[in-house]
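Let's go through this model together, one question at a time. Have a look at the picture first, then read on.

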Amino acid sequence: MSWFLFIVLSILTLGGGLGVVVTRNVVHAALFLLVSLVAVAGLYLILFAEFLALVQVLIYGGAIIIVLLFAIMLTRSAEYPRISDNRQWPLAAVAAAAVGVVLGAAFLDNSLPQTEPNSPTFGDLANSLFTTWAIPFEVASLVLLVALIGAIIIARTGEDNR
Amino acid sequence: MVPLEAFQVLSAVLFAIGLYGVMARRSAVLIVMSIELMLNAVNINLIAAASHLDGMGNWANFDGQIIAIFIITVAAAEVGLAMAIILRMYRNRATVNVDEINLMKW
């Protein structure tokens, strides 16, 4: 059963990813990305990482796709079909395939001692996040604040500081 | 039970797809999307390892999930900033084609 789910979700993930890098229509690319990201949330559920599946759907499926679609709408969408891929795309395909093969071979070659799939409870996760990982957690909030302010300053159209 | 290697190979293939997108695409928005694919490949790998492996030393066996949370946070910040830069670029140069953004190129 879990193999069946894994194969279906893998096909959705990889198919969505291929759609993102192949399609000419940039809005379709965003929707393919959404398919891929939601399928990844399903993979997290197979791995019993319920909290991460929730976060994946909320942040990637909700926020990031919407921001990407806003960016597509705010820049001139008539221009996109004319932006073709690089001329050296065959070279890029060979390089990417080589990286994929090397990574896959390394993973298959060097297998680690495995246990049955297990997962912490929400409580374990929260305890670890707010004790062991408390400082990185605070720094992450600072990173978000800085990114927010930076994005506002970069994108602002103020007439005063032209 | 699906073994760890299956997830790892899946993440390697997804990473390669994202890498191809970053190298072959010319539109800045599509490049950002490909970067998201690569980050997701890393997250699959981390969470699969967190679910299948015992912790070693000071690491709890689910620390991979926490690192994945941080990666998602940074990805959200990165997309926000990237979109601001793309909007600015579009306003100043009237294009999102990265081949034409050569102001800082020697």
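**Two chains, up close**

Chain A is split into domain 1 (1-80) and domain 2 (120-162), with bounds that come from an automatic or database domain assignment. The model is predicted, so local features need pLDDT of at least 70 and side-chain atom pairs count only at pLDDT 80 or more, while totals for chains, interfaces and linings use all residues. Residues are numbered from 1 along each chain as its sequence is written, and chains are lettered from A and ligands numbered from 1 in the order in which they are written.

Q: What pattern does chain A follow along the sequence?
A: Helices (H or I, at least four residues) and strands (E, at least two) are DSSP runs, numbered from the N terminus. Chain A has six helices and zero strands. Reading along, you get α-α-α-α-α-α.

Q: What radius of gyration does chain A have?
A: This value is taken over C-alpha atoms, and the globule rule is 2.2 Å times the number of residues to the power 0.38. A compact globule of 162 residues would come out near 15 Å. The C-alpha trace of chain A spans about 60 × 45 × 25 Å along its principal axes. Its radius of gyration is 20 Å.

Q: Why is chain B said to be more spread out than a compact globule?
A: Chain B has three helices and zero strands, running α-α-α from the N terminus. For 106 residues the globule rule gives 13 Å, and chain B is well over that, so it counts as more spread out, with a radius of gyration of 18 Å.

Q: What percentage of the residues of chain B count as buried?
A: A residue is buried if 20 or more other C-beta atoms lie within 10 Å of its own, exposed if 12 or fewer, and partly exposed in between, with C-beta atoms placed from the backbone. In chain A, 26% of the 162 residues count as buried. For the 106 residues of chain B, the figure is 53%.

Q: Which helix gives the largest share of the side of chain A that touches chain B?
A: Two residues are in contact if their C-beta atoms, placed from the backbone, lie within 7 Å. The contact takes 76 residues from chain A and 64 residues from chain B. Helices that each supply at least two residues of the chain A side include α1 (2-22), α4 (89-109) and α6 (134-155). The largest share, 12 residues, comes from α4(A).

Q: Which element of chain B do the buried residues of α4(A) pack against?
A: The buried residues of α4(A) are A96(A), G100(A) and F107(A). They cover an arc of only 35 degrees around the axis, which puts them on the same side of α4(A); the arc is that of the directions from the helix axis to the C-beta atoms. On the other side of α4(A) you'll find exposed residues, among them P90(A), L91(A) and V94(A). The buried ones pack against α1 (4-24) of chain B.

Q: How far apart are the end C-alpha atoms of α2(A)?
A: The expected span of a helix is 1.5 Å times one less than its number of residues. With 21 residues, α2(A) should span 30 Å. That agrees with the distance between its end C-alpha atoms, 31 Å.

Q: Is F48(A) buried, partly exposed or exposed?
A: You'll find F48(A) in the loop between α2 and α3 of chain A. There are 16 other C-beta atoms within 10 Å, so F48(A) is partly exposed.

Q: What is phi of F48(A) near?
A: Most residues other than glycine have a negative phi, and most peptide bonds are trans. F48(A) is a residue other than glycine, yet its phi is positive, near 65 degrees.

Q: Which residue of chain B is F48(A) in contact with?
A: Leave aside the neighbours of F48(A) within four places in sequence. In chain A, its contacts are P117(A), N118(A) and S119(A). From chain B, the contact is S51(B).
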